[in-house]
Amino acid sequence: MAFLAAALSTTGAAADSTSDVLIDGFDGKDFSAAGGLYYRQNFEQQAGKVEFQSEVKLTGAGALKLSVRPFCPKVRKNCSERAEVWEKTQHRVPYDQGVWYGFAVKFADPIPKGDHRYLIAQWKREIGPEAVGDFSPFLALRLNQGKLFATIETNYVAPSKAAGLSTVKACGDKQTPVWFRPETNQMRALIATDDKWTPQDGKQFNSCTDALVVTDRGNKLPTPDSGWIDFAIYTKPGPDGSGHVEIFANKKWIVTVKGHIGHGDKGLGDNQYFKFGPYRAADKTEWALYFDNFRRSPRCSDVLDASVCPTP
């Protein structure tokens, strides 16, 4: 797949970043200036390791290996272990605008099989100093018990009479499985799974909502043990109900999601941002992922084969 050359501004505000085309094949010894990425340094990231290597790759001369090891002190509550790569601040996209992301990921052996919190990629809204609360990613690719799934988070929307508890049963037409958390003004919807997923795997999502609608495009997410998975994902948050997400994997259309997506709480920032890499609650083993072919653009055709892109 041919991608456009990056046209980056190193001094422009985030509002100008929607025209940026970001590309990094991780073929060198550091992040490319054309990719707008960096490895963030903080306490939890000390659990991680970033390696530019050439033994495992999808295309080109190399790929990125991101891994985490046991690190959290036993006395530290709610500690997480991360090895995440972030978009640089100047390239962040306004929260109310849509953008396409692409990246390939391969799970290193052994793939975690536990009932635990594992994320491989997440999209969030900036959090300002006046914001109150712990805001989950508005879109996340997750792993649990060796199975891949995707979730969307938004502000709590009380269920209609037609929705409500499903006790792990299938929701009705134009309803989506959801985990209600009114005490935090949030709810998490289950929007896509791999073909090994069972209803019992989604027992947390024991209610239904019509605040967002998932259109199944006839394909499941690839399983983590299937080799390289090349994602193309469109994100446009809209906590007021105008949100829109598209997920493709290996050029197959997985789902379209429309409705309430993301958070609109007081004190949250103007921009969305993306980060990828292994992120987990404290654990006792090492866990690694390989990444290749990162790209981001306002145009689908820069990220996904144009013949596969959805019609506007």
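User: Cys72 and Cys79: buried or exposed?
Analyst: This is a predicted model, and in it a disulfide joins Cys72 to Cys79, with an S to S distance of 2.1 Å. The torsion about their S-S bond is about -75°, so the link is left-handed. As for accessibility, both Cys72 and Cys79 are buried.

User: Where does Cys208 lie, given that its disulfide with Cys171 links distant parts of the chain?
Analyst: Cys171 and Cys208 have their sulfur atoms 2.0 Å apart.

User: Why does Cys171 count as buried?
Analyst: The cut-off for buried is under 20% relative accessible area. Cys171 counts as buried because its relative accessibility is 19%.

User: What pattern do the disulfides follow?
Analyst: There are three disulfides in the structure. Besides the two already discussed, Cys300 and Cys309 form one, sulfurs 2.1 Å apart, and with -95° about the S-S bond that link is left-handed. Counting bonded cysteines along the chain, the pattern is 1-2, 3-4, 5-6.

User: Which peptide bond is cis, with omega near -5°?
Analyst: Most peptide bonds are trans. Look at the loop between β8 and β9, where Pro110 is found. The cis bond there runs from Asp109 to Pro110.

User: What is the phi of Lys251?
Analyst: Most residues other than glycine have a negative phi. Lys251 lies in the loop between β18 and β19 and is partly exposed, at 45% relative accessibility. Not a glycine, Lys251 still has a positive phi of about 65°.

Conventions: Residues numbered from 1 in each chain as written. Predicted model: local features only at pLDDT ≥ 70, side-chain atom pairs only at ≥ 80, totals over all residues. Heavy atoms only, no water. Helix = DSSP H or I, 4+ residues; strand = E, 2+ residues; numbered from the N terminus. Buried < 20%, exposed > 50% of the residue type's maximum accessible area, 1.4 Å probe, protein only. Disulfide = S-S within 2.5 Å.
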